[in-house]
Amino acid sequence: MGEEGLALANPPSCLSAARNRPEGKVLETVGVFEAPKQHGKYETGQLFLHSVFGYRGIVLFPWQARLYDRDVASPVTEKSENVAGHGSKEVKGKTHTYYQVLIDARDCPHISQRSQTEAVTFLANHDDSRALYAIPGLDYVSHEDILPYSSTDQVPIQHELFERFLMYDQTKVPPFVARDTLCAWQEKNHPWLELSDVHRETTENIRVTVIPFYMGMREAQNSHVYWWRYCIRLENLDSEVVQLRERHWRIFSLSGTLETVRGRGVVGREPVLSKEQPAFQYSSHVSLQASSGHMWGTFRFERPDGSHFDVRIPPFSLESNKDEKTPPSGLHW
């Protein structure tokens, strides 16, 4: 997190942040850690520290996703997945809780090299079918990534949507409750926000997690173009330093086309995964002239001795089976 990042003070179990002073930086307590929930969900308004990327955030609302973990052997059940072109292994989907959250703007500069803070994108309502826009500081967080804390500050998170979405109510626990604008925004944008499927696979201690999102359809040159966003997290579960060098994608469209994409790094970067900074997260986009398809592939990593190894990207479906009565048309409040 750098010199101005977060720090923990013990005892007591307090969450502290650095603040600039003429005589130097000092730590100020911003909250007190709570015990993580082993059962049940976190409520709207729960403050937390992200256990992997270290930023402060607040929960807006939960999503119930299906997690397809290819590292877990399981018998074939009624809800399984088998993506053509990537072996015959079938994976059982397990229900898992994720959360829509706001990221504290003060922490964004410290995490920008490891996690995009403008990763949640939407199709804009423009004539240009490729136009996208992002909501800065919006993220999806897994239940186990949340380290909950409490604060006496009535505005503990700096984000332009905080006071538009939440209000302080000292009679509630946590003391931040949803405004009507948050409920309306969630309902109107539900099809484009919804997190439904999560895919995970580990190769040689590098875990790859993929979350695809359907973004909508646009008409271009007398044809329909379907758009998806996919968020990928790379995690090094070992102590050996490795660096991502190349990506290799295979993209199958229901129209019958199979595209191969190769390139250096991801989103213009070749991230290093170390014991100190074990994770990197990014988002990208794909479009098809068909209403569904599949993606799979590999990431090539380099070890300190110069040797390389390929890490599998778990196959995932691109589906557009949502009721698309009205496509997204900018922010709805």
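**Salt bridges and nonpolar cores**

Arg66 has a relative accessibility of 30%, so Arg66 counts as partly exposed. Buried means under 20% relative accessible area, exposed means over 50%, and partly exposed lies in between (1.4 Å probe, protein chains only). The model is predicted, so local features need pLDDT of at least 70 and side-chain atom pairs pLDDT 80 or more, while totals for chains, interfaces and linings use all residues. Residues are numbered from 1 along each chain as its sequence is written, and side-chain values use heavy atoms, without hydrogens or water.

Stay with Arg66. Arg66 forms a salt bridge with Asp197 (side-chain nitrogen of Lys or Arg within 4 Å of a carboxyl oxygen of Asp or Glu). Their closest N and O atoms are 2.7 Å apart. Arg66 sits in strand 5, residues 56-69, and Asp197 in strand 14, residues 197-203. Strands here are DSSP runs (E, at least two residues), numbered from the N terminus. Asp197 has 15% relative accessibility, so Asp197 counts as buried.

The whole structure holds 16 salt bridges. Look next at Arg233 and Asp145. Their side chains meet in a salt bridge, 2.6 Å from N to O. Arg233 belongs to strand 16 (residues 223-236). Asp145 lies in the loop between strand 10 (138-142) and strand 11 (146-150). The pair therefore ties together parts that are 88 residues apart in sequence. Arg233 and Asp145 are both buried.

Now find Glu302 and Arg245. Their side chains form a salt bridge too, at 2.8 Å from N to O. This pair links distant parts of the chain, 57 residues apart. Glu302 is in strand 21 (residues 293-302) and Arg245 is in strand 17 (residues 242-253). Glu302 is partly exposed, at 22% relative accessible area. Arg245, at 19% relative accessibility, counts as buried. Some salt bridges share partners: they join Asp145, Arg207, Arg233 and Glu235 into one network.

Turn to the nonpolar cores. A core is a set of buried Ala, Val, Leu, Ile, Met, Phe, Trp, Tyr and Cys residues joined through side-chain atoms within 4.5 Å. The largest has 63 residues. Leu195, Ile232, Trp249, Phe299 and Phe301 have the most contacts inside it (heavy atoms within 4.5 Å). Take Leu195 as a guide. Leaving out residues up to four places away in sequence, Leu195 touches Trp63, Gln64, Ala65, Tyr98, Tyr140, Ile211 and Phe213. Another core lies apart from the largest one. That other core has 13 residues, among them Tyr42, Phe48, Tyr55 and Tyr99.

Methods. Helices (H or I, at least four residues) and strands (E, at least two) are DSSP runs, numbered from the N terminus.
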